[in-house]
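Trainee: I am new to this structure. Please take me through one part of it closely, the packing of its side chains.

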Amino acid sequence: MTDLTSTPLLTHEVGSLDKPGWRVKAYAGKPLDHKDLQEAKAWGERIGVERYQDLIALLERAPLQSKDEKEELKRWSSRYGLRMQEAAGLDAAYDGEQQRSEMYAWAVAHTNGFDWRGSVRAFDNKYYSKAAVTGPISLKEPYHRDEFAFLKGIARAELKEPITCAYTLADWSFNERYFQDHDLNVAHALRKQRRHQARKGFIVDVARSVIRPNLEDLIALGARWIQIDEPGGSTDPEELDLFAQSFNESVDGLDAVFSTHLCFSDYNLFFPGIEAMTACRQFCVGFANYDSRELGVSDDARPGDAVISKLRDLPYRPSLGVGVLDIHTDFIEPPELVRDRVLYAVEVFGDPARI
């Protein structure tokens, strides 16, 4: 299989896209105003969404009540997300997860063995629903099948399918099945060892029983490039062996190109753990929010990219998805700054085919 990630200066988007206001309001059963309809029309024309007038007709019926109407609305949102990326000229595209509820909840809702425990605070005023593993883990049904099949039927660009993977799903859940040691007389070191083994059992079960069947299903449908999303990957620096093992258990021997999205972190923590992830063809890393806004391709001008040389020197020679936009501010990066961030990475790696 051709490794898509070896294309020189390959461009693609990493992460979800904000859902359009008309999608959020109509899906929630709320009425829309003239501004919502105008936004859908303007963007439909701007990015070349075919038959967007059919969406306008659907939105004019809001508030939507039926399940079929809401499913149709989600597909329209997917069309807009995909066409926006294609219109921008990206080499590989997806819909920005427009049909998913949330990267954790969507996966857990389609998995046996979990019970919901309530909402917890993630950061700032952002909350997510957290579940506990309480029984044997198994997949109810492949939960990206319909989404991928739909997008495959309309895509013009190469598709890259993102999927939240085993370590993050386990790390963001309460562990009420694999670890129930309440003996306070057990020595701390022994308790820590037992907890690590319990975490390993949990993570490996998710990889084998949930993630791998999903990957196999996507590959059977024609997925060629699958992005392994692991925002929880560096939560515990002492578990980088489990993080790497979860990746390997999920993808080993499967016929596709796999990349890994490492979310905001001290990326030095991933070494030497990721040296074992030899099937990973690209690491997508959010550098821009650690970087300066100064122009230049020197080490001093690009302080946020200090770990790039470590990724360059990995023995299996993965490519680097270098993040060039900081999504946590309202600052709009000028083209010259994006250019210098890219050129710095090329200079460090010495090969544009690996950027």
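Predicted model: local features only at pLDDT ≥ 70, side-chain atom pairs only at ≥ 80, totals over all residues.

Mentor: Setting aside neighbours within four places in sequence, Leu320 is in contact with Gln282, Phe283, Val285, Phe287, Ile308, Leu311, Ala345, Phe349, Arg354 and Ile355. Now widen the view. The largest nonpolar core has 69 residues. Leu320 is among those with the most contacts inside this core, along with Ile274, Phe283 and Leu311. Helix H8, residues 188-221, gives the core its largest share, eight residues. In soluble globular proteins, nonpolar side chains tend to be buried together.

Next, the rings. The structure holds twelve aromatic pairs. Take Phe114 and Phe202. Their ring centres are 6.2 Å apart and their planes meet at 40 degrees, so the pair is tilted. Phe114 belongs to strand S2 (residues 111-123) and Phe202 to helix H8, so this pair ties together parts 88 residues apart in sequence. Phe114 is buried, at 14% relative accessible area. Phe202 is buried too, at 0%.

Another pair is Tyr267 with Phe270. These rings are stacked, 6.5 Å centre to centre, with 20 degrees between the planes. Both residues are buried. They also belong to a cluster linked by ring pairs, together with Tyr167, Phe243, Phe287 and Tyr290.

Last, look at Tyr27. The charged end of Arg23 sits over its ring, 4.9 Å from the centre. Lys70 lies over the face of Tyr27 as well, at 5.5 Å from the ring centre.

Definitions and conventions
Residues numbered from 1 in each chain as written. Heavy atoms only, no water. Core = buried A, V, L, I, M, F, W, Y, C linked by side-chain atoms within 4.5 Å. Buried < 20%, exposed > 50% of the residue type's maximum accessible area, 1.4 Å probe, protein only. Helix = DSSP H or I, 4+ residues; strand = E, 2+ residues; numbered from the N terminus. Contact = heavy atoms within 4.5 Å. Phe/Tyr/Trp six-rings, centres within 6.5 Å; stacked < 30°, edge-to-face > 60°. Lys NZ or Arg CZ within 6 Å of the ring centre and 35° of its normal.
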